[in-house]
Structures are given as C-alpha cells and as structure tokens.
Amino acid sequence: METGSHIKSLLQFQLASDNSAARFLPYCLSTLNSECLLPSSHRTKWTTRINSLLHSKEPSARWAGLCLAHKSSMLSQSLMIECAQSWLSVIIPMFTKNEATPTMKAVLRLLSAIFITATDITEFHRQVCVPNVVKVTSAILPFADVHLDPELKIIAMETLTRLIRLYPTAHRVASTQLMNFTLHYLNGSPTTQGNVEVVNKAAELYATLPLTGGKVGGVNLWRKSLEETLVFAWDAFLALRTTFPAQERQPQSPPPGTDPQLHIQLNVDRLSCAVAIFNHLLCAPMQRPVQLPIGSLIKLSTALLSVTSNDKIDGFFDPFIRVLEVATTPVIHLFGCDFLINLAQKFPAKLDPHTSRILTILLFQLEQAPHLNLQSHLLKTIVTLLSTSYLLDSSILVTRIGQLALQTVAKVVITSTRDKTAEGTSSSVKNGKKKTYNFEGDEVFKTSGQIVCPTREHEEVLLASIDVLEHLLPSPSLSLAMHSAIARVIISISLSLPRMSASTISQDSSFIHQLKSKIQKAALIIGQGTTSVMSKSLPFILEEALCSDDVEINRQLETLVHPRLPPLVRALPQLEALSLFKAEESREEAGILSAIAVDSRMEAPTPLQAEDVSMVDSIPQMALNMAIGSKALFPDVSPPQPDTQSSSSPLVQPQSAQTTQAPPIGPFIPSTVSAEKKNDSPAIPAHAESKNMPAASYPTEGEDDEEMPGINIDSDSEIDED
C-alpha cells in the first residue's frame, strides 16, 4: 500500500468540507496511525488542511482542526516540530476570544503535546518552547481565573503544573502571578465550599512553585511555603476552638461584626485547603535534600486528632458559637486522619517514635463510638500506621486494637446466627390453632431480615477492621488469648460465607466477593503458622481457599503447599495454642469473646455436618468415671435454666455424638464414634451440656423417668470356684 494513501482518502471524502470534518472526526482519529504520517507528498496536504480548519469561521471546524493537530503531534514528532510554530501563533490568541468549552479543552491538550513531547531536541527547545512558554502561561492564568467550568479549570491547572516542572527557570518572572492565582483557590470560601478536585489541583500547582527558585533558592522557597502553611493551618484550627481550652496557641477571636456561621465555615474550608497543600508539598520534587520539620507536623496532626467536644473554657461564651464549633469536631478528625495517612505513607520511618502515642489517640476516638464515616477513616489510619511502622512492643495497645476491630468483624457471624434463630423460632409459634412453617426459598421474598452491612459506610468499616486484624496477627506482642479469639472468628466467617446469601451481607451483591477475599487472606496468615509452630486450622482454611479465584490467594496457597525451600532437618513443629472448642479456651479468651457479644449457642450455617462432631474429650472422661467407681456414667441433667451468660459464651463449643442439632460455627473435627451410637441417642439442647462430660439426653414420651443404676465395683461377678 502506498505511503499516505489513507490520509489521501480522508482528505478527499471525510475532510472535504468543514461540516464533514466535524461529523467524521471520530472515524478519522480512530483510523490514523504513525505509518499514515510518514514523509510523503500527501503529508503536506494534510498539514495544510489542518491549518485551514484552525482558521475556519465555524467553531466545530476549529475544534476538529485542534483534535487532528493533537493526534498528529502524538503520532509524528517530526510533523509536530515542523508545524508547532504556526500552530502556536493561531491557538494562543484563542484565550482572549469567546470560544466554546470543548474548543478550549482541545487547545490546552494541544499545548501540552507541543511543549512536552519534544524536550529532547535542543534547537526546538531553544527556538520554540522557551520563547513561547511564558506567553502561554500568561494567557492561561486570566482565562482559567475567569472561566466558571470546574473541569476546564482542572485541565488548565494540570497544564500549568506540567509546564512549570519542565521549564522552572522560565517561569521565574511569572512566579508572583502564579502564587496569587493558586492562593485564590486555597484561601477558603465562607459561602460555598470549593470543588475538591479544583482545590487539589491548585495545591499541586502551589507545591511546584518552589522549583522556580532554582537549585539553591528552591529549597528555601519550599521551606518557606511549608512554614507558612503550618501557620495557616494552626490559625484555621484555633479559630474553630475559641470556646475550648487553649492547647498550643491562643485562639484569635473573629473580627467584630463577622457572622459566626460564615467565620466557622471559612476556617473549615481553610483547614481542608491546608491539608491538601501539605499532601502535595511533602511529595513535591526538589533538586536538593531538604530538612523536614517532623516534630511540627506530628504536633499538628495529634492536635487535630485529639480534639473532643466535652471541654470548655471558664466564664461566659456564646452558646450559638459553641454549638457550631462542637459540630465541626468530626470534620477536624477527618482532616487529621487524611493528613496523618499521607504523612505516614511518605515518611514511614519518621513516625516510629510517635506511633504508640498516635495509636492511643486513635483508639480513644474509636471508643467514643463515632459515626461510620469517621470510624472508617480512623481504622484506615490505624492500618496505615501498622503497615508503615515497626512492630509495636506494647501488648496492651495491641490487645485494645484487636478487641475493637474484632467487635466489628464478629458481627458477620452474630447477625447471621440471629437471623437463623429467628427463622427457627417463627416456625414453631402457633397462631391460634394454625402453625406456620418455613419453606425452601422463603429467604428470597423475606425483607425483614437483618443485613450485616446495610450501607456503604458499614462495608468500609468492616473491610478496614479485617485489614487491622490482618496486620495484628504477625505481631509478637499480641497475646495468645487474643490471637486465638481472632483466629476462631476469622475461621468461622471463612467457613460460613460460602453458605450465606449475598443479600444477607449487603445490598450490593458484589461486596460478598470482596469480603471473601479479605477473609481468605487473613485466614491464610493464620494457617501458615511459623517456623516453630504449626497451625491446626490449616485443613479448614485450605478447603475454602482452593475454591477462590483470587490470583494472590492462589499464589500464597501454592507457596504454602509447595514451598520453594528445602524442608528443615528437625522434628515436626508443635501445634499452636488455638482453642477450637469451649473446653480448650482459657478464661481470658472467654472474657474477650464475651466483650464482643459472641454467643456460644450460634449454629453453623448448614445442618449437614451435625454428625461430624468429635468425642475425643468425652471418651477419656467416661473411662475415668468407670475407673473411680462413680454411680453413673452420665451426670444427672436438671431441667433447662435460663442462660444468664449467653453473651459471654465462646464462639465454638464441643458437642457430643448424641447431638443432632447443627454444630457451632467453627472448624469441625471428624467423629470417631460409630454410627450405631449416633442413631441410638436422642437429641438434647445445646445448653444442657456439661463442660467435661458428654451430654445426657432428656427422657422422651413413653420412657421411664428413672435414674440409671450405678455399678458396684465391690461386688463379685465371677463364679466362686469350688
């Protein structure tokens, strides 16, 4: 095929007129490639047609010409170098004309392509870019300041940020104009809160302005900008705490005659702008190393996170201002979380001396039961600190974090069990002489069931809590009881989720897949164990992980089953201290589970595994009773009493082979009892079990309510010899 034949056909048919150029522009852009713009006789006609479209009186034709010029610049650098000067002389005056918004967006994209794609060519950089880049910046600033479209403002700020980073010294003469332009959007607004994207782009542009000072002056300008932002943030923060005791500095009272509501709204917006500036200043590119005032930044972050609504100053204060300032407390916490997350991600090693104190503040705020949005931000901040800092040495702090996160995660099991219990009791309640029944498929039409995560905020809190537990499991400071409680809850959820409906978890049907992935990752960490301790929950975790479609989970599973290292030449590792049943748990673990309101009478999601229950603990006790000559093999069972400690019962409890109801949620151990004993034993309620003895059955109708006779060991059953 002849070179340039495709653009020849485009010029003859699709681009023959101005109207057809705008109509068939998508086809032209989709079919163009770099081979079409190779040097040929038709390329000159192509550039001539683009220039004619740029000078057209039709707005649609000018827009089509700009789009074709941008596409041609990206595909052919030589064509762009050849036509850049003529295109700049046409598009720079467009900023002073009343052009349509799509046309100006195309102008900004074409300018970025011209000044960015050919920086490696020295002559083009010296003759075209440097003389025109300041003209372009001076034309963009008043245009972006006057235009009201936020999307166009964002594109203009992005273009200015790229130009300053590539040509910093050329913008030194326009640094004052650029500073005034950015501060116009970063000074806050008392009436309407600024667009978040516009504020972020303005903060990014503000963070690049120190580059205009050069190698030596840029460091001083960056330090000056950071110090000014610190003062700006403290002033905005203290202006929101005039009715609270002073912490670091004395708050300034608002000017006389100022509306308190507008004044507080202005300072809230200013504080959000200060946080956005910090986030971009801390990652701004600098040509030389700079000294970071980490102490001042930590002091500001802890001040934002430690505010409460209970303190107040002595003396008289305006109650209306007090109410407005109390209402801003959760917003200040959100700003503190965002600021601390960015600070920890960019400088992880700098926060290690302050991690314990910051985590204590975050735990205190979580214990105050904040709203869900703030709770998710606090949990994400804890996850960031745990992932970017060294392991904590405080067992008390780690236990408190685990207990708060476990309380949220355990709701998945608690909610599903309460719904199952409610369904079971509803079928046995009689309405007069009629009895109601539950049928298969009724859960599809049932709308009164409790959902684990009814809103998006609940989903974020649950996922963040699982992340917290995942980062706490490898910690050596985590107590054995807390580690066992976390492992039991995670394994129970891992076994329960495949048997639960997506509608019982969340209204979003795709959320259950995210939850399964998070739970399986945490369960794999539990099942891996260590080099000296082997996890006895690994078989249950592998059974569920084999059905996962997650690539990361499959990779970890492959590494776990087929390690790439030779085996250690030593004895088998010991089993971990993980209590899978009630008889194995300690008092401390029982207290942890009771604190998170986990009920021991929760049933498994499926009754099909009710028979697979171990009696390993029961058989030795029976043999012991026979050896000491007890009166009966089974203890007397009193009538069922109301359980006053149901909320403090552990998650998983042992069940005998006589039990026919569903086993508790948790790993199941295969039964060692024959099927004959299972069939001969009637069912009993779960609360009638003894802790160390197998459960006895209640007498059914038609059976004698007599006590089983005891065995007299002293009697001689053998025949006396003559």
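This is a predicted model: local features need pLDDT of at least 70, side-chain atom pairs count only at pLDDT 80 or more; totals for chains, interfaces and linings use all residues.

Reader: Let's start with helix 18. Which of its residues are buried?
Author: In helix 18 the buried residues are Leu 374, Gln 375, Ser 376, His 377, Leu 378, Leu 379, Thr 381, Ile 382, Val 383, Thr 384, Leu 385 and Leu 386. Buried means under 20% relative accessible area, exposed means over 50%, and partly exposed is in between, with a 1.4 Å probe and protein chains only. Helices are DSSP runs of H or I with at least four residues, strands are runs of E with at least two, and both are numbered from the N terminus.

Reader: What span should helix 18 have?
Author: Helix 18 covers residues 372-388 and should span 24 Å at 1.5 Å a residue. Its end C-alpha atoms are 24 Å apart, which agrees. The expected span is 1.5 Å times one less than the number of residues.

Reader: Is Ala 369 buried or exposed?
Author: Exposed, at 64% relative accessibility.

Reader: And Gln 365, where is that?
Author: In helix 17. Gln 365 counts as buried, at 6% relative accessibility. Setting aside residues up to four places away in sequence, Gln 365 touches Leu 305, Ser 306, Val 307, Thr 308, His 333, Pro 370 and Leu 378.

Reader: New topic. How do helix 13 and helix 16 cross?
Author: Their axes come within 10 Å and cross at roughly 5°. Axes are lines fitted to C-alpha atoms, for helices over the stretch in contact, and angles run from 0 to 180 degrees between N-to-C directions. Helix 13 and helix 16 are therefore roughly parallel to each other. Angles under 35 degrees count as roughly parallel, over 145 as roughly antiparallel, 65 to 115 as roughly perpendicular and the rest as oblique.

Reader: Which residues meet there?
Author: From helix 13, Val 268, Leu 271, Ser 272, Val 275, Phe 278 and Asn 279. From helix 16, Val 331, Ile 332, Phe 335, Asp 338, Phe 339, Asn 342 and Lys 346. By class, this contact has eight nonpolar, three polar and two charged residues. Ala, Val, Leu, Ile, Met, Phe, Trp, Tyr, Cys and Pro count as nonpolar, Asp, Glu, Lys and Arg as charged, and the others, Gly among them, as polar.

Reader: How covered is helix 13?
Author: Mostly: 17 of its 22 residues are buried.

Reader: How many salt bridges are there?
Author: The structure holds 12. A salt bridge is a side-chain nitrogen of Lys or Arg within 4 Å of a carboxyl oxygen of Asp or Glu.

Reader: Can you show me one?
Author: Asp 18 pairs with Arg 49, with the closest N and O atoms 3.3 Å apart. Asp 18 lies in helix 2 and Arg 49 in helix 4, so the pair ties together parts that are 31 residues apart in sequence. Asp 18 is partly exposed at 25% relative accessibility, whereas Arg 49 is buried at 17%.

Reader: Which residues are linked in a network of salt bridges?
Author: Glu 158, Arg 165, Lys 201 and Glu 204. Glu 158 and Lys 201 meet at 3.1 Å, N to O. Lys 201 and Glu 204 meet at 3.8 Å.

Reader: Last one. What about the whole chain?
Author: The chain has 30 helices and four strands. Of its 722 residues, 45% count as buried.

Methods
Residues are numbered from 1 along each chain as its sequence is written. Side-chain values use heavy atoms; hydrogens and water are left out. Contact means heavy atoms within 4.5 Å.
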